[in-house]
Structure formats: structure tokens, C-alpha cells
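Me: I have a structure open and want to learn how to read it. Can we go feature by feature?

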Amino acid sequence: MKDIREELIPKLTKINEMTQAVKEKLAGYLISSEEKPNISYELLQILNLSDDVAQTFNPDKTTGEFFGLPKEVVGGARFPKQIMDNRGVDFTPWFSEKTANIKSGAKKLIKYWETNVSDINLVEHAPMTVQEYLRDGIDSGLHQIEAYSNTIIEMLSKVE
């Protein structure tokens, strides 16, 4: 368990730091200003780190594995990590789901960030403006990233 903590907690902490940096840069975006601040570096860091964290429990297949070779004979193949408590309960699926949700939040954040206000057409009686719609999507992605990374950090501190 200790090696997983040493591997995941620094990455999750960095994700939280990047999320805070994005929040600071986006403070007035689509509320008091239409000008997009440059958050490309932070988005790239969040996406890369979330991918690394997700790969811990669900690693991508290597070329040999796509052609049917078992992991044991493929050079560079990564085995998924497992998290078990002292009673033998396997928490790996739980952690895998949460890490996948971090990556999903990062993709959602990038999707709404890349969308231009002029490209959206809401229905006539929409309960929000286009700016509110985009801002809600951005905030939703940020919240998803932050909530799941904090949940994993909290759970890693509890599991022995």
C-alpha cells in the first residue's frame, strides 16, 4: 500500500494545485469578461496527471498484448495495481472508478474550455445564457476533478 501512496498522492496533489491555478485564472471569465485567460499548460498537466493516475489501475495494452500475447511475455507491459485492506477487501475497482472520473472531469473541462460562445445556440426559453452554460460546464469539470482527487487522497490515508 505504501508504494501506491507514494505514487499517487504527489500526482493527486499536483492535480489539485493545477485545479486551483485554473480557478484563479478563470475567476472572472464569462462573468465580467469574455477574454479567455491562457490555461493551456494547466489543462495539459491535469490531463497528463489524470491519465497517469488512471493507468495505475487500468494500464493500456502494449502492442504485443493487442495481438494476443500474454502480459508476462511482453516487454514493457504494466500490471494493474491492487489495493487490499488487512481484511482482504479489494478496493481496486473503487479506486479505478474514481481515477477514471478524474480523467473524465479533465476531458469535460477541456471540452467546455475549447467551446466558443458564438458556436452555441440554446433554445429560446433556456433557463440560462450561453455564458452561464459554458461557465457551468467549466465549473462542473473543475469540481469533478477536485472532488475525486480529494476523495482518493482521503481514502489512501485511511487504507493500510
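**Reading helices and contacts**

Reply: Ser104 lies in helix α4 (residues 92-114). Helices are DSSP runs (H or I, at least four residues), numbered from the N terminus. This is a predicted model, where local features need pLDDT of at least 70, side-chain atom pairs count only at pLDDT 80 or more, and totals for chains, interfaces and linings use all residues. Residues are numbered from 1 along each chain as its sequence is written, and side-chain values use heavy atoms, with hydrogens and water left out.

Me: Which helix holds Glu146?

Reply: Glu146 sits in helix α5 (residues 130-158). Its relative accessibility is 16%, so Glu146 counts as buried.

Me: Which side chains make polar contacts with Glu146?

Reply: A polar contact is a pair of N or O atoms within 3.5 Å; within protein, one must be able to donate a hydrogen and the other to accept it, and residues adjacent in sequence count only if both atoms are side-chain atoms. The Glu146 side chain pairs with that of Gln20 at 2.4 Å. With the Lys23 side chain, the polar contact is 2.6 Å.

Me: How do I read the length of helix α2?

Reply: The expected span is 1.5 Å times one less than the number of residues. Helix α2 (residues 40-57) has 18 residues and reaches 27 Å from its first C-alpha to its last, close to the 26 Å expected.

How values were computed
Helices (H or I, at least four residues) and strands (E, at least two) are DSSP runs, numbered from the N terminus. Buried means under 20% relative accessible area, exposed over 50%, partly exposed in between (1.4 Å probe, protein chains only).
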